[in-house]
Amino acid sequence: MPLTLTSLGCASALPTKENYFTAHVLHIRGRSFLLDCGEATQLRLKQMGISLGSLDRIFLTHLHADHVFGLPGMLSSMHMLEREKPLYVYAPKGLEKLIDFYFDFLNREDSSFPIIHKVVEGEEVFPVYEGDTATVFAFPLLHGIPSYGYLFKEKPVRKSKPRSVAYCTDTAPFPELSTWVKGVDLLFHEATYLEEDIKAAEKYKHSTARQAAQTAKDADVRKLLLGHFSSRYKDIHAFLTQAQEVFPNTELSLEGCVFTVPRQLT
Ligand SMILES: [Zn+2]
Ligand SMILES: [Zn+2]
């Protein structure tokens, strides 16, 4: 019963020749959840062999362009494919404007499927969705606009310890975060900057690789994935080096990588 996180991209505000915007697909026992939807996400899904029809729930962390501008194009493709089943989009308040924009260009009467915006708003860790394979919680991050991380907890299966994955982007470090993602099997955490640019990280409310690693260490997670790298760096492997000094079990969530969370027998 596989649980995997597939990276569709690892860039931050500007894409590069190699890196698309940060987005991921989490597969939990046959269910697929899309995490963020920057420009070209639907193209990346196609390249990775993930069909649009397999997606019923999209979780958007916040409404900065690099996390949401892929949505109108993807909705349009779903319409062209004559999708009928509803699409649920979990996102902070304000997404309505983007969905209205899409409808304005589509001719409101014509959408082949309903789009249901589930507003994500709350304090500390709160549930947003309960499905047959996972329960999803959200928690506020520390960024320039309302931003939420997501915590996916697998529903218990016989003889296996339920697995968990947390997704945190974009955010500056803050003490509560490590308690909210305590002990997860896989933590995806943004690392926009290297340590030498910590001032920029503070100014724009992002994290350095080292800060992300410190959160992973404080939370005692099993594995850390880093992404959302600033385009200012030519060699992104420095992110790995700096993080591993604090938290050795770190990998870069490079596009095309598929990370498996193995089962642990009880
Ligand atoms: Zn971003
Ligand atoms: Zn942002």
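Strand S4 (residues 55–59) is mostly covered, with 4 of its 5 residues buried. A residue is buried if 20 or more other C-beta atoms lie within 10 Å of its own, exposed if 12 or fewer, and partly exposed in between, with C-beta atoms placed from the backbone. Helices (H or I, at least four residues) and strands (E, at least two) are DSSP runs, numbered from the N terminus. This is a predicted model, in which local features need pLDDT of at least 70, side-chain atom pairs count only at pLDDT 80 or more, and totals for chains, interfaces and linings use all residues. Residues are numbered from 1 along each chain as its sequence is written, while chains are lettered from A and ligands numbered from 1 in the order in which they are written.

S3 and S4 run parallel and are joined by 4 bridges; Ser32 has Leu55 of S4 as its bridge partner. S4 and S5 also run parallel, with 3 bridges between them, and Arg57 stands opposite Tyr88 in S5. Because 4 of the 5 residues of S5 are buried, S5 is largely enclosed by the rest of the structure.

## The sheet from S6 to S14

S4 belongs to an open sheet of 7 strands with mixed pairing, in the order S6-S5-S4-S3-S2-S1-S14. Two strands pair if DSSP finds at least two bridges between them. The edges are held by strand S6 (115–119) and strand S14 (258–260); each has a single partner strand, so one side of each is left without a neighbour in the sheet. On average, neighbouring strands of this sheet are turned by 20 degrees against each other, direction ignored. For such angles, axes are lines fitted to C-alpha atoms, for helices over the stretch in contact, and angles run from 0 to 180 degrees between N-to-C directions.

Strand S2 (residues 23–28) and strand S3 (residues 31–35) run antiparallel and are joined by 5 bridges. Val25 has Leu34 of S3 as its bridge partner. S5 and S6 pair in the parallel sense over 5 bridges, and the partner of Tyr90 in S6 is Lys118. Helix H4 (residues 95–106) lies across strand S5 (87–91) and S6, running at about 170 degrees to S6. Two residues are in contact if their C-beta atoms, placed from the backbone, lie within 7 Å.

## The sheet from S7 to S13

Another open sheet has 7 strands in the order S7-S8-S9-S10-S11-S12-S13, again with mixed pairing. S7 and S13 stand at its edges with a single partner strand each, so one side of each has no neighbour in the sheet. Here, too, neighbouring strands are turned by 20 degrees against each other on average, direction ignored.

Strand S8 (residues 134–140) and S9 run antiparallel, joined by 7 bridges. In this pair, Phe137 stands opposite Leu151 in S9. H7 packs on the sheet and touches S11, S12 and S13, its direction making about 150 degrees with that of S11. H8 packs on the sheet as well, touching S12 and S13, and its direction makes about 170 degrees with that of S13.

## Helices H7 and H8

Helix H7 (residues 209–219) and helix H8 (residues 237–244) pack at an angle of about 40 degrees, their axes 8 Å apart. They are therefore oblique to each other; angles under 35 degrees count as roughly parallel, over 145 as roughly antiparallel, 65 to 115 as roughly perpendicular and the rest as oblique. Ala209, Arg210, Ala212 and Ala213 of H7 make the contact with Phe239, Gln242 and Ala243 of H8.

H7 is mostly covered, with 8 of its 11 residues buried; among them are Gln211, Thr215, Ala216 and Ala219. The buried residues of H7 pack against helix H5 (175–180), strand S11 (186–190), strand S12 (223–227), H8 and strand S13 (250–252). After H7 comes Asp220, whose phi is positive, near 55 degrees.

## Backbone details in the loops

The peptide bond from Thr169 to Asp170 is cis, with omega near -5 degrees. Asp170 lies in the loop between strand S10 (164–168) and H5.

Glu124, in the loop between S6 and strand S7 (126–130), has a positive phi near 50 degrees and is not a glycine. Glu124 is exposed, because 11 other C-beta atoms lie within 10 Å. Lys159, in the loop between strand S9 (148–154) and S10, has a positive phi of about 70 degrees, although not a glycine. Lys159 counts as exposed because of its 9 C-beta neighbours inside 10 Å.
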